[in-house]
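This report describes selected local features of one protein model. Please consult the sequence and the structure shown here alongside the text.

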Amino acid sequence: LSPSLHRRYDEIQANLRINNRAPYCPPTSCAPTSLDSKWLELQQAEAKYGACIREKSLEFIKKIEYKATPEQLQEFEESFNHFDDNSDGTLNPDEFKAALSALGIAFREDADFEKVFKKVGEGADTISKDLYMKYMKAISEDKGTAEQVETSFMALADGKSYITADQLEGLPEEDRVFLQDNMEVGEEKGTFNYKQLVQKSFVDEEK
């Protein structure tokens with residue numbers, strides 16, 4: 001309960017005593033201890049609401065479809081061709097490990113690598129180019145970095161650093177309303193700052 005309300009309550013009781021009046025007994029729901037409890041409930045509700053907003057923000061961010069760039073796809077294909085030593089269109093375990101290592105993907109334990117190889121190769125002794133490309137696209141698109149999300153927003157915003165209400169029309173109503181409620185208004189009328197929402201979402205996720 002705020003100190004000002006406590007003081008007011010004490011003043012009322014003091015005036016009643018001075019005038020030989022019976023002390024004021026507020027209804028149970030309005031007693032200081034009850035109000036303290038309600039105040040605590042309100043603070044907890046506000047904290048829960050803030051957490052829900054952050055969670056909703058992250059849920060929306062995760063809905064955005066991350067796509068590997070043409071440059072990444074070319075890099076993946078080149079790595080496959082380079083490490084396909086016998087040019088048979090497949091990678092054996094050593095070739096696959098070398099290709100991943102060249103792209104900065106390493107494994108601490110052999111068992112971890114073997115598990116990935118078996119999964120990617122669908123139980124076969126070698127991995128085809130199609131399966132290799134599928135795996136590389138999956139792990140690159142799974143990262144969900146702030147930069148990737150901004151790129152997705154930028155595509156929706158026709159390459160601009162802000163997005164308009166009209167450009168959000170293609171989204172489901174729930175997502176559109178959420179975005180408009182949580183993005184800062186842009187400098188130009190009728191625009192929104194999607195970069196601020198993206199950066200805030202990823203900062204909250206790291207906390």
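## Surroundings of Thr191

The side chain of Thr191 comes to 2.6 Å from the backbone oxygen of Glu188, a polar contact (a pair of N or O atoms within 3.5 Å; within protein, one must be able to donate a hydrogen and the other to accept it, and residues adjacent in sequence count only if both atoms are side-chain atoms). Thr191 belongs to strand S5, residues 191–193. Helices (H or I, at least four residues) and strands (E, at least two) are DSSP runs numbered from the N terminus.

Thr191 counts as buried because its relative accessibility is 3%; buried means under 20% relative accessible area, exposed over 50% and partly exposed in between, with a 1.4 Å probe and protein chains only. Leaving aside residues up to four places away in sequence, Thr191 touches Tyr162, Ile163, Thr164, Glu184, Val185 and Gly186, where contact means heavy atoms within 4.5 Å.

## Basis of the model

The model is predicted: local features need pLDDT of at least 70, side-chain atom pairs count only at pLDDT 80 or more, and totals for chains, interfaces and linings use all residues. Residues are numbered from 1 along each chain as its sequence is written, and side-chain values use heavy atoms, with hydrogens and water left out.

## Packing of H4 and H5

Helix H4 (residues 93–102) packs against helix H5 (residues 110–120) at an angle of about 105 degrees, and their axes are 11 Å apart. H4 is therefore roughly perpendicular to H5, a class that spans 65 to 115 degrees, whereas angles under 35 degrees are roughly parallel, those over 145 roughly antiparallel and the rest oblique. Axes are lines fitted to C-alpha atoms, for helices over the stretch in contact, and angles run from 0 to 180 degrees between N-to-C directions. From H4, Pro93, Phe96 and Lys97 meet Asp110, Phe113, Val116, Phe117 and Val120 of H5.

## Ends of H4

At the start of H4, a side-chain oxygen of Asn92 reaches to within 3.0 Å of the backbone nitrogen of Asp94. Gly104, with a positive phi near 85 degrees, follows the helix.

## Positive phi in loops

Most residues other than glycine have a negative phi. Asn20, however, has a positive phi near 55 degrees; Asn20 sits in the loop between helix H1 (3–18) and helix H2 (32–63) and is exposed at 74% relative accessibility.

Ser87 also has a positive phi, near 55 degrees. The loop between helix H3 (70–83) and strand S1 (90–91) contains Ser87, which is exposed with a relative accessible area of 61%.
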